[in-house]
Amino acid sequence: MSSAGALAAAQSRPNVVLIYADDIGYGDLGCYGATAVKTPNLDRLARQGLRFTDAHSSSATCTPSRYSMLTGEYAWRKKGTGVLPGDARLIIDPANLSWPGMMKQAGYRTGVVGKWHLGLGNGNLNWNEDIKPGPLEIGFDSAFLMPATGDRVPCVYVKDRNVVGLDPKDPIRVDYTKPIGDEPTGKKNPELLKVHPSHGHDMAIVNGVSRIGYMTGGKSALWIDEDMAQRFVDAAGEFIEESRKAPFFLYFATHDIHVPRVPNRRFAGKTTMGPRGDAIAELDWTVGEVMKHLKRHGLVNNTIVMFSSDNGPVVDDGYKDDAVARLGSHRPAGKLRGGKYSNFEGGTRVPLIVNWPAGIKPGVSDALVGQQDFFRSFASFAGQKLAPDQAADSVDVMSAILGKSKVGRDWIVEHSRALSIRKGEYKLIEANPGVRIAANTNQEIGSGDQAQLYKLSDDLGETKDLSASMPDKVAELSALLAKVKQGPVPQ
Ligand code: NG6
Ligand code: CA
């Protein structure tokens, strides 16, 4: 296609905005059954769009889910894709086409705002110079990032390739192995903290919150947790404004509701659940603000807005923020067992809402879809051909995403400490001996000395292990899982 032809084709295409929340569970939103927190903006998006009941992040933690989603390759195939420290190198190979790179080829303007957590640079990064490779090298035209997580240093924003607001006379240093100089730490100086750790998180202190990792310098660039949601909304607004004439793809990854949960003052006390509930209220506000930005430019009708989460919920993830004490009857994973870090469904089955007034009829879909499928699905939607070895674990489920088909994937692999496989009504969790409940987070890992088998159609809560009575099913699913482990199996 000529470039003018490509442009004309692109102009008839809807924009794509993915709002990717952090640690939001299957039961954390009103539209998925929560009553202890109000999520009117998300509920509206769901009511006027398609709400999925069986959508999955690829993993039960952040980095691998994001890696799989952006590359279309299961993260567990590649070493070094576990939860990353804030000084990790970029784990996505710029030589391979990624989801944003494909969107760019299809004529979209591409941007990322928010949590990255996929590493930056090539190792030994100097935060005071140009930061690369990073999102701009894998196909994003613009970036406004939190480099890793809210609980990991460096606690600064990066715009495109530079730390925002950095004073060159006060350079940033980051170390994940030892304290730098005699800077205060959460461990030595708890009197300086406004939010205290419950486990880990006792290193560098920034904004009265101790984090993972040590940093010094960059004082003028340090973030203020309470302002973070606003900063991200503003950056998303800027990107939408700059891109309003082109079709655009925005990957907007919120910090909410990851720890430390320090929402803006205006959300404090919005729920009876303390900061975890208030962070959900802030997340819902964020969604409303993004919609307002789209509305201001008349873009709501022709934008596909998707909302999902990188992994299931966790209550105590390392800070004393009252989340356990004030949970009440709220069930963060809804009817599912387990949550973040778990091989039970609560680990990866997450909310997915897809809203496109011009193209999607409102409803509920039970189709099985994975976030790693977005890449191939949107490639087919945008008319981009992918070779079989590109995005090799990604399945084209676009007709399910658009509500034209009730059927998504045939089977899916879920990843936490071990792998699980889902096919039809059954789910197999491979044998993975070890503690059943993680000591600090009190999360059920899904471990077991033998493989476990559940029939989800009768037993969504995974309470009855059928492995002993159904050896043939165990063998069938184990064989499929073994095959997928060896390499991508198309479906
Ligand atoms: C864990 C952290 C937890 C969280 C998680 C990653 C400790 C004790 N716990 O190691 O707080 O940061 O990593 O979360 O440090 S994720 O959603 O980014 O995967
Ligand atoms: Ca997460």
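**Entry 1: cavities.** I looked up the second largest cavity and noted a volume of about 30 Å³. I was working with a predicted model. I recorded that Pro85, Gly86, Ala88, His117, Gly119, Leu120, Pro147 and Ala148 line this second largest cavity.

I then turned to the largest cavity, whose volume is about 80 Å³. I found 13 residues in its lining, with Met228, Ala229, His255, Asp256 and Glu282 closest to the centre. I noted that α5 (228-243) and α6 each give two or more residues to this lining. The largest share, three residues, comes from α5. I listed the classes in the lining of the largest cavity as seven nonpolar, three polar and three charged.

**Entry 2: the largest pocket.** I noted about 340 Å³ of space in the largest pocket. I recorded 18 lining residues, and Val315, Leu327, Pro332, Asn442 and Gln443 lie nearest the centre of the pocket.

**Entry 3: nonpolar cores.** I looked up the largest nonpolar core, which has 115 residues; Trp99, Trp116, Tyr251, Met306, Phe307, Phe374 and Phe378 touch the most other members. Helix α6 (residues 275-296) gives the largest share of this core, seven residues. I noted that domain 1 (3-165 + 224-401) and domain 2 (173-216) each supply at least three residues to this core. I also recorded a second, separate core of 18 residues, including Val413, Leu453, Leu480 and Val484.

Conventions. Residues are numbered from 1 along each chain as its sequence is written. Chains are lettered from A and ligands numbered from 1 in the order in which they are written. This is a predicted model: local features need pLDDT of at least 70, side-chain atom pairs count only at pLDDT 80 or more; totals for chains, interfaces and linings use all residues. Side-chain values use heavy atoms; hydrogens and water are left out. On a 1 Å grid over the protein atoms alone, a cavity is a set of points where a 1.4 Å probe fits but cannot get out, and a pocket is an open set with protein on both sides within 12 Å along at least five of seven lines; lining residues have an atom within 4 Å of a point. Grid points are joined across faces, edges and corners, and a volume is the space filled by probe spheres set on the points. A nonpolar core is a set of buried Ala, Val, Leu, Ile, Met, Phe, Trp, Tyr and Cys residues joined through side-chain atoms within 4.5 Å. Buried means under 20% relative accessible area, exposed over 50%, partly exposed in between (1.4 Å probe, protein chains only). Helices (H or I, at least four residues) and strands (E, at least two) are DSSP runs, numbered from the N terminus. Domain bounds come from an automatic or database domain assignment. Ala, Val, Leu, Ile, Met, Phe, Trp, Tyr, Cys and Pro count as nonpolar, Asp, Glu, Lys and Arg as charged, and the others, Gly among them, as polar.
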